[in-house]
Amino acid sequence: MTDPRAAVAAVVDPEIRVITIDELGILRAVDQDPATGRVVVTITPTYTGCPAMDVIRADIRRALTAAGHPDAEVRTVYRPAWSTDWISDRGREKLAAAGIAPPAPVRAGGVVPLTLAVRCPRCGSPETEQISRFGSTACKALWRCRSCSEPFDHLKAL
Amino acid sequence: MNDLFEFSLRLGDDALVAAQRLGEWATRAPEMEEDIALANIALDQLGAARLLLSYAGEVEGAGRDEDALAYLRDDREFRNCLLVELPNGDFAVTMAKLLFLSAYQRSHYDRLVASSDERIAAIAAKARKESAYHLDHSSLWVRRLGDGTEESHRRMQDAVDAVWPYAYELFATDGLIDRLVERGVAPAPATLRDEWLSIVTAVLDEATLTRPDLSWAPTGGRDGVHTEHLSYLLAEMQVLHRAHPGAKW
């Protein structure tokens, strides 16, 4: 039997498969009842309408069962609301390595999105432009690098 | 009637009907990026609707879940504002509707974060971040079309004129709202209206558009008295669920 926290933390995001749910910051807590062995996992969605949530819940249960913890419950909380600031440094590195520009820090207290220079994850150039503020998933926008001409995804600061 | 149930329905139905309307643009938007944008905004609205209708069902305590509330109520039982059920019209009309709605939702959710009802506050904290993007997106298009060519300016102004009267209902008050303001659950609509006006007026000014005078002020959505457009929208949205009750993928 392995540590339930480690088992859950290793679950990858079904839409951005290079990053784990722990690195993405959507895994909020893993608690185990020492008496019954029951595991309660608390997660929060990136976006309210994120269609990956059902798959993530199923993946968490599957990972726990494989780790020897079949008695598990997955709870979803909405407060505090997820922020891209919760993505770990390791997570940001992994996103960049996969060609997804990581988000800039969210301005304190502000929810107005700003357009800071986003560096191209391929060539590092700051000469980039937004093609579409909405991308292939709810959390991403589509950008293009003017230096190397490659389009790339950018995780929107939220 | 449970006030909190009714209030959650109003918020949830606004989001649900807006999502369904925006979804109609899928494969029909003027460009690929816009197709994706509108579908994403619809998805955000649907996400908020699911949370709000689920909560409404719990508050009601009659065993209705989000699906029962979305698919098994008739038009007269819907509590959305008239603005969201209006047909999409041309792209300018859709953007005028989205600007008015997102400016309202953004300000409303902002205030609801401090609601005395914890669940409403939590949902609002989540949804307001998404509304900020919707507002940003619609503002950009209204400016671009208003301050664009002669034709785009004309059509954007027509759209703003056509949709403007429906914004009145967003800030109308009634006994329910008064009681919820008293309890600290909801913000006073009049204070919201000032904020909304300043946001929208700034966008219209920049877009070289004229702010219309209020000619008439249709209401009724909060009482279930809707335009005929809602019935058709619901027929399309609900037909599959009703034809195959309890069906699973």
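A crossing of two helices is left-handed if the near helix is turned anticlockwise from the far one by less than a right angle, and right-handed if clockwise. This is a predicted model, in which local features need pLDDT of at least 70, side-chain atom pairs count only at pLDDT 80 or more, and totals for chains, interfaces and linings use all residues. Residues are numbered from 1 along each chain as its sequence is written, while chains are lettered from A and ligands numbered from 1 in the order in which they are written.

**View 1. Helices α2(B) and α6(B) cross in a left-handed way.** Here α2 (residues 32–60) and α6 (residues 118–146) of chain B pack at about 165 degrees, their axes 11 Å apart (axes are lines fitted to C-alpha atoms over the stretch in contact, with angles from 0 to 180 degrees between N-to-C directions; helices are DSSP runs of H or I, at least four residues, and strands runs of E, at least two, numbered from the N terminus). That makes the pair roughly antiparallel (angles over 145 degrees). Look for B:I41 and B:L52 of α2(B) and B:I123 and B:H134 of α6(B), which are among the residues making the contact (C-beta atoms, placed from the backbone, within 7 Å).

**View 2. Chain A holds an open sheet of three strands, in the order β1-β2-β3 with mixed pairing.** Strands pair if DSSP finds at least two bridges between them. β1 (27–32) and β3 (72–76) of chain A each have a single partner strand, so one side of each is left without a neighbour in the sheet. Five bridges join β1(A) to the antiparallel β2(A), where A:V41 is the bridge partner of A:V30.

**View 3. Chain A meets chain B.** Here, 18 residues of chain A are in contact with 22 residues of chain B.

How values were computed. Contact = placed C-beta atoms within 7 Å. Parallel < 35°, antiparallel > 145°, perpendicular 65-115°, else oblique.
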